[in-house]
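Thanks for coming. I will go through one structure, starting with a term we need for the helix packing and then moving to the ligand.

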Amino acid sequence: MSCIVLQLGQCGNQVGQHVFDTLVEDNQTHVNAAKSTITNRSSVDEYVRNSLDRFFIQYDNKLIARALAIDTELKVIEQLTNEKAQAKRHWHYEKKCVFEGRLGSGNNWACGYRNGSLAEEHILEKLRWQLEHADRVDTILPILSLAGGTGSGLGAYAVECVRDELPRSFLLTTIVVPYTSGEVVVQNYNSLLTLSHLYHSTDALLVFENDILQQYAKKLVSCSGVDRPTNIHDMNNILTRHLCSFLQPIAKKDHSFCDLNYLLEQLLPHTFYKLLTLRCVPQLSDQALDFSTYKWSSLIKTLSQMYINNSYLDEGLNWSLKPFQTRTKSLANVFLSRSYDKEDLDNELKQYFNQSDFYSSFLSPSNYYSAFQYRDKSYLNYEKYLSFVSNCQTPVASLDRIVNKSWQLFGQKAYLHHYMKYDIDEQVFLNGFVQIEQVIKSYNQL
Ligand SMILES: Nc1nc2c(ncn2[C@@H]2O[C@H](COP(=O)(O)OP(=O)(O)OP(=O)(O)O)[C@@H](O)[C@H]2O)c(=O)[nH]1
């Protein structure tokens, strides 16, 4: 089974490149592990093979990313594909799968969407090239930011085209929510329009928020003992570590690897509930990792307290909150644990996560969560790594903020003329409001 990554706009391309770097890095970590640590070499070889087949075309000893890199500006694409950048990596992009425009979309969703319609044939041609080089493509992974013009507008258009072209493939879209403030004035309009279009055309939306990524990056930089400001690279590192922990192979109880679609089916019990979040532990800087040991019980306890606090971070938690005071409810959950140790986590997970207060009342206890373990290799350079993917209420606060801020502008008809120039009229906005308000309401009723 293969996956194709659709890198859309500046953010999508920068994050997408990090994703492939991280996948390759994870596939290589066992090479340096002590021989005694790896007790099942053939399973690890199978893991690496499985990951490479999923994300790379292997040709003539080279790894070609199963990716489309699409932007309407040259800058980022050039940075990704120039010879110097390609020479540093163990993998590269196929030139035929790169599309760069010349004009950008000027942070205007409507302009991006129009650019998407102009680029449709080029995008589909590149997609078909990738399809021809895969035995079976089950999952398409678009990555984009909600706020710019290209990722959001052209991205929304491209995802609709892919949906029409591949009606049976799973579309899992990674979205990056802009900072709450300090960016472009129309970011909430762009976000609203992107969300409402993607909610139609994709099966699931995996939500990352720049405010949280920045807070997380600050925490890691400050505990690494280095005095420097955080940058976008730190944030993308965190995002992709989370994301790849979900994308890399994981085993079922019978030790066979499961497809990504199998995990997604566990997480999407109802077609209307598409919002996924990822919480991972431990949250340590690379420098701190070398000096840290931790137990599964403490990782699971921390994760449950993060959930109770409705927080993505393990810092600043209110430890006195009890499960009945949980600030979020969920509809479906998946745990993915990776390590070299053979411990079974079932009892620990039960102790902390068999809490009816965590879940929607629709759920029966047997459906609270599913757990998957891989115990023949750890993830990257972590001794143990636990990822918790959840279809829960957490992202609703961001959606609510986007809708409210958009209403404030829309009420005064502010900036609408920028959108009308590209045939996006008030009705398109009103449809977007109705749709996302319905999503918020449905999640709030869980
Ligand atoms: N996490 C993260 N956010 C990014 C990155 N690059 C841009 N952003 C965010 O993405 C939003 C802007 O979107 P971009 O992807 O830069 O813009 P674009 O989609 O290329 O659109 P145009 O510039 O209008 O052509 C802002 O919220 C930025 O904070 C990145 O590498 N990582």
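Before the numbers, the convention: an axis here is a line fitted to C-alpha atoms, for helices over the stretch in contact, and angles run from 0 to 180 degrees between N-to-C directions. Keep in mind that this is a predicted model.

With that, take H1 and helix H3, the latter being residues 74-81. Their axes are 9 Å apart, and the packing angle is about 15°. Angles under 35 degrees count as roughly parallel, so H1 is roughly parallel to H3. The crossing of these two helices is left-handed. On the H1 side, the contact is made by Gln-10, Asn-13, Gln-14 and Gln-17; H3 contributes Val-76, Ile-77 and Leu-80. By class, that contact between H1 and H3 has four polar residues, three nonpolar and no charged ones.

Now the ligand. Which residues are closest to the ligand? They are Gly-9, Ser-145, Gly-148, Gly-149 and Gly-151, out of 28 that surround it. Helices H1 (9-29), H6 (150-165), H8 (210-223) and H9 (232-247) each give two or more residues to this shell. H1 provides the largest share, five residues. The shell divides into 16 polar, nine nonpolar and three charged residues.

Is Leu-213 buried or exposed? The cut-off for buried is 20 or more C-beta neighbours within 10 Å; Leu-213 has 23, so it counts as buried. Leaving out residues up to four places away in sequence, Leu-213 touches Phe-208, Met-235, Ile-238 and Leu-239. From Leu-213 to Lys-384 the C-alpha to C-alpha distance is 21 Å, with a sequence separation of 171 residues.

Note on methods:
Residues are numbered from 1 along each chain as its sequence is written. This is a predicted model: local features need pLDDT of at least 70, side-chain atom pairs count only at pLDDT 80 or more; totals for chains, interfaces and linings use all residues. A residue is near a molecule or strand if its C-beta atom, placed from the backbone, lies within 6 Å of it. Helices (H or I, at least four residues) and strands (E, at least two) are DSSP runs, numbered from the N terminus. Ala, Val, Leu, Ile, Met, Phe, Trp, Tyr, Cys and Pro count as nonpolar, Asp, Glu, Lys and Arg as charged, and the others, Gly among them, as polar. Angles under 35 degrees count as roughly parallel, over 145 as roughly antiparallel, 65 to 115 as roughly perpendicular and the rest as oblique. A crossing is left-handed if the near helix is turned anticlockwise from the far one by less than a right angle, and right-handed if clockwise. Two residues are in contact if their C-beta atoms, placed from the backbone, lie within 7 Å. A residue is buried if 20 or more other C-beta atoms lie within 10 Å of its own, exposed if 12 or fewer, and partly exposed in between; C-beta atoms are placed from the backbone.
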